Amino acid sequence: MSKRHRRPPSASRTDAPDGSGVAAVRAHVDDLLARGKTRDAVEAARQLYKAARTAETEALLVDAYGARIRALMATGLTREARELASLVVERHPGTRARILPLLHETAARAGGDLGPLLAGLASADPATRRDLERTLGRVLTDCRALAEDPRLSDGDPLRQAARAASELFQAVTSGPLPDGALARLDGVSRHSPLAPWKLLIRAIDAYYRRDDAAVLANLSAIPPDAAPARLAPLLRCLAGEAKPIDRPSLGDRVLLDKVSGGRARFRTELAGLIDAIRGRDQRQALVAARNLIETARSASDTFMPTFASTLLTHWLHANFDPRPLMTLLVRGRSDVGTLRQLALALERVGAWEAAVPAWDGYLATAQQIAAMPHTGREPSRLLLHMAELIPTDIDELLDVADVEDEEELQELIRDGALPDCLDRGRLLERARTADPDARVFRALVAHWETRDPRRAEREADAWRARHPRDLEPLLFLARAAERRGAHRKALDWLDAAEVLDRVHPDVRRSRFRVLLSSGERHLRDRQVSAALRDIDRLAVGPEAAAGDRPAYVEALRWAAARCAGETASAIERRRDLGERLGNPVLLNLVLASVAATIGLDTGGDVGVDPSTAMPKVAAVEGLARAADLLLALDRPLHAPPDLVRRIELNPRGAAPAHLYSLCTLGLRTNRQSLAYAASGAGLEADTELTHRFLLARGRALATGRHEQERERALRCLRAARTLATRLRDTETSREASLALRELELPPWLMDEAPEEDDLPPAAIRRVIEDERNATAAPSFTALPPRGRRRRRPDRRRPSLPSEAQPFLDFKEREL
Amino acid sequence: MRAAYLAAVRAHPPDRDPIAFQKIREAYDLIRDAERRLELRLFGPPPLESLDALVGLFPDERRHVGPEAWLTVLRETRR
C-alpha cells in the first residue's frame, strides 16, 4: 500500500467512539504530530470527526490541519498550503479565527502579498495581533515590501522601522556602514516582526567588519522560523564555520561564491577531499580534487603553488597514484611548476628514487621551453640537489637498485635499464658543467674521495684553479699528498694555504701533522739532519705548544740524538725531558711511542715499568696524560699491563679528568674493562663529566656478553644523551645517539624502541645510582666493527623504473 | 625590489602596524638574498602540515555584492 492510501489504525469509519475512544485518538494524533507525521494526523482526526461531530473533535481536526499547513509551508509547498487553509476556513467557518493567520501567511508566502496580513493586523485584538506579528516575522522576506505597502500610513511605526531596515540592508550589503548607522534600528523591539531583520543586518555588518564572533552571536538570536533565518547557515559558513551546508540551492551557491570569492566553496570541497583521503577512496578523492582544483585556480596566483604542493604531498602520503591528479593539475606544456611540485612531493614522502627522475624530467622540460637556462647557478643548484638526494650510504643505494655492487649499478645505468640521473658522479659533473661553483666541487671531491682518490685530487686541483681564494681545496690536496707520503708536496700546498690564511686552525693543524710525519719518516730513514730541520720547524708552530706536545717534540730530538749516535746528548735530553714531564710513567710511554714509531731500539732507556715503584694516583696520571697526548697524535701507546690491571681492580682516587682519559683509552684500545672501571669511579665522583662517564659506561657495557649488560648499556646511553643535551654538549649527545643506534637490544626491548625518548631526571639519578652500586664486573666481547654491510632485506623492493613510472608516463603523454 | 619594500614600509610603518611591518621585513630579507631567492624558486613553497590549513591560506575576501543575491536566497522559500 502506498503512503497516500495508508489508513491510520485508530479510528473506525462506522463506530462512534466513546469518551475514552476520543481521548485515545487525540493521544494518537498528538503522537503523530510530535513525530512530524502531519498527513497521518489529519487523516486520524478526520476519521474521528466523521465518527463523532463534536466541537472537541472539530478542534482536534483543525489543530491537525494547522500543523499540516505549517508543514507544507516549511517544505516550500506554499501554494498547496494556501489551498488547504482556504478549504479549512470554508469547511469549518467556526474556527476561522484560528486558521486566519495561517491563511494570511500562506498568501504572503505564495504571492508576497502582505495585504491580508496587514489588514488583519490593523483590526486585530491584542492576542490575534501577536499571532499575526509572529506570522509577519515568518513571511517577511524583504523589508522593502513592508516599507512601501500603502496600507500602512507614513507615520506608522512598523512602516518607519521597515524603511530603516530596508535601507540599512541595502547599505550593509553594498559597502561598509558608517559608524553609528545601526543606531537607526535601536527602536526595533525584540517582539517586533522586524527583530529578526535587525539581527540579520547586525550579523552582516559584523561579517564585513570581520568580527565573526559577533556574526554567530547575532545569528543565534534569530528565531529559526523567521524568514531571515534562511540566511543563517550561509552566514555561518561565510564566517568560517566548518559545518557544510546541507543541499545548497543555486541561490546559496551563487551568494557564497559572490561574497567570499570562492572561499566558502573551497572549504566545502576541501572537506570532501579530506574525507575521501581519510577513507582511502582514491576515486572519490579524485572527484573532490577536480572541483577543488578549479576553485583553487580562481584564487590568487600566489595560492596555487602552495595548494599544489600540499595536495600532492598529502596525496602521495595516502599512497594514491599521482598520475590522474597530475592530469588535473598540469595546465599545458608550459606548466613546469607543477612538475616541480611533483618532484618535491615525491622527495618529501621519501621516494628519492622516483624524485630524482622527476627532477630530471622537470629540468629537461624547463630547459626545453626556456623556463630555465642550460648553464648558471639555477640548473647547477638543482643538479647538486638531485645528487644530494641519492643516499651516500652505498648499501642503501644498492638495496634500492637491487644490485650487488656499484659496478653492477653503473652497468645498468650504462645499458639504460636505470636512468642515468641515478649516477651521483654524473649528476655532479653536469652541475659542474652548468656552474663550477665551490659547493659543486666540494660535493665532487667528497664523492670521489672514497671511490677514486686520484680523481678526487684532480677535482680538488680544478677547484683550486677555478677558485684560487678557496682554502678548502688546498687543505684537501695537502691531506691527499700527506696520505700518499708526499710530505714535501703537502707542505707546498700548506704554504699556499698559509698565503691565504696563516692563522686558520685547519692550516695550523695540517702543518703540524705533516711536519711531524715528515720528521718521523726522516728519523725512520735515519736522515737525522732532515729530521731535525722538520723538528725545528715543527717546534715553532703554535700547535706544538699545546698540552704535553712539547715533550713529544723533545722526545723526537732525543730519538734524533740516539739515531746520530750522540749518546751523551741523548742522556741529557732524556733527563731534561724527565724533569719537564715530572712523571716517570709518562716519560717512559712517550719515549716508547717515539721509538716504536721510528723503529728505534731503545736499549736500556725504555722498557722497565716504573709504575710499580710509584703511588697509584701518580701512575694513573702518567697513563692518562700519555693517552691524551698519543691518542690525539694517533701514535702508539703501550700501556704497562700491570698498571692497567691495578687500575681495573680499583681506580678510585684518580682525578676525574684522568679517569675520563682512561675511559677513552679503554674504548680506543678495545679494553672495555678499563673503560668500565674508570667510568664507574668517575660516576662515584659526581662531577660535571657525569654524562661522559655514562657514555663511556654505556659503550663498554654495549659489548657485554649478556643481555642484561646491554640493557644497562641502553639505560646509560639514554641517560648520557639526555644529560648531554641539557648541558648542550652536542658531541657527547651525538656519540650517545650513534651508540644507541648501534646497540644490539635484548629481545624484550626490541618492540619498545625506547632509544628515541629522553629520560626524566629521576630515572637518570636511578641509573647513576644503579651503576655506582654495580659490583660484579661484566665480561666483554670485542667491539663490533663499524660500518659493516647490512643484510639485504628479504622482500624485494619495486624496481626503480616502476617507481619512477608515474612521472615518466605522465611526461610522455603530456609532452 | 627595494622601492617596493620602501613603499610597503611607508604604508605599514613599524610604530603603527608592527605585525605587518615584521612580515614585510621578513619577506624582504628572504627575497633580497640571491641564494635564498633561488632556493625559494626551486624548492618552495613548502607544503602545509594539514590539508585543512589550506582554507586559511585561501584569500579571505568579503565582497559587497548588493542586496539582490541575499534577497534571492530569502525568496527561494516561495514556490
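**Figure 1. S380(A) is found in helix α20 of chain A, which covers residues 377-389.** The model shown in this and every other figure is predicted. The relative accessible area of S380(A) is 3%, and S380(A) is therefore buried, since the cut-off for that class is under 20%. Once its neighbours within four places in sequence are left aside, S380(A) is in contact with A431(A), A434(A), D435(A) and V440(A).

**Figure 2. Helices α15 and α16 of chain A pack against each other.** Helix α15 of chain A spans residues 282-297, and helix α16 of chain A spans residues 303-317. Two packed helices are described by the angle between their axes and the distance between the axes. For this pair, the angle is about 170° and the axes are 11 Å apart. Because angles over 145 degrees count as roughly antiparallel, α15(A) and α16(A) are described as roughly antiparallel to each other. On the side of α15(A), the contact is made by Q282(A), A285(A), L286(A), A289(A), L292(A), I293(A), A296(A) and R297(A). On the side of α16(A), F303(A), M304(A), F307(A), L311(A) and W315(A) take part. Sorted by class, the residues of this contact are 11 nonpolar, one polar and one charged.

**Figure 3. C143(A) is a buried residue of chain A.** Helix α8 of chain A, made of residues 143-147, contains C143(A). The relative accessibility of C143(A) is 1%, and C143(A) therefore counts as buried. C143(A) and R159(A) are 16 residues apart in sequence, and their C-alpha atoms are 9.1 Å apart in space. The contacts of C143(A), leaving aside neighbours within four places in sequence, are with A162(A), A165(A), S166(A), L194(A) and W197(A).

**Figure 4. The side chain of S593(A) has a polar atom 2.7 Å from the backbone oxygen of P636(A).** S593(A) lies in helix α32 of chain A, which runs over residues 584-598. With a relative accessible area of 1%, S593(A) is buried. Residues up to four places away in sequence are not counted in the following list: S593(A) touches Y552(A), L630(A), R635(A) and P636(A). Of these, Y552(A) is 41 residues from S593(A) in sequence, while the C-alpha atoms of the two residues are 9.3 Å apart in space.

**Figure 5. A polar contact joins the side chains of Q672(A) and N670(A).** The length of this polar contact is 2.9 Å. Q672(A) has its place in helix α36 of chain A, which comprises residues 672-685. At a relative accessibility of 4%, Q672(A) counts as buried.

**Figure 6. R210(A) and A370(A) are residues with a positive phi.** Most residues other than glycine have a negative phi, and most peptide bonds are trans. R210(A) is not a glycine, yet its phi is positive, at about 65°. R210(A) lies in the loop between α10 (195-208) and α11 (212-220) of chain A. The relative accessible area of R210(A) is 46%, and R210(A) is therefore partly exposed. A370(A), likewise a residue other than glycine, has a positive phi near 60°. The loop that holds A370(A) lies between α19 (352-368) and α20 of chain A. A370(A) has a relative accessible area of 65%, and A370(A) is therefore exposed.

**Figure 7. A cis peptide bond joins G44(B) and P45(B).** The omega angle of this bond is about -10°. P45(B) lies in the loop between α3 (34-43) and α4 (53-57) of chain B.

**Figure 8. Chains A and B are both built with helices and zero strands.** Chain A has 41 helices, and chain B has five helices. From the N terminus on, the elements of chain B run α-α-α-α-α. Of the 815 residues in chain A, 50% are buried. Of the 79 residues in chain B, 33% are buried. Among the contacts in chain A between residues at least 6 apart in sequence, 61% join residues at least 24 apart. The accessible surface of chain A comes to about 39,400 Å², and carbon and sulfur atoms account for 49% of this area. Chain B exposes about 4,800 Å², of which carbon and sulfur atoms supply 56%.

Terms used:
Residues numbered from 1 in each chain as written. Chains lettered and ligands numbered in written order. Predicted model: local features only at pLDDT ≥ 70, side-chain atom pairs only at ≥ 80, totals over all residues. Heavy atoms only, no water. Axes fitted to C-alpha atoms, helices over the stretch in contact; angles between N-to-C directions. Helix = DSSP H or I, 4+ residues; strand = E, 2+ residues; numbered from the N terminus. Parallel < 35°, antiparallel > 145°, perpendicular 65-115°, else oblique. Contact = heavy atoms within 4.5 Å. Nonpolar A, V, L, I, M, F, W, Y, C, P; charged D, E, K, R; others polar. Buried < 20%, exposed > 50% of the residue type's maximum accessible area, 1.4 Å probe, protein only. Polar contact = N/O pair within 3.5 Å; in protein donor to acceptor, adjacent residues only side chain to side chain. Areas by Shrake-Rupley, 256 points an atom, 1.4 Å probe, with all protein chains shown as cover.
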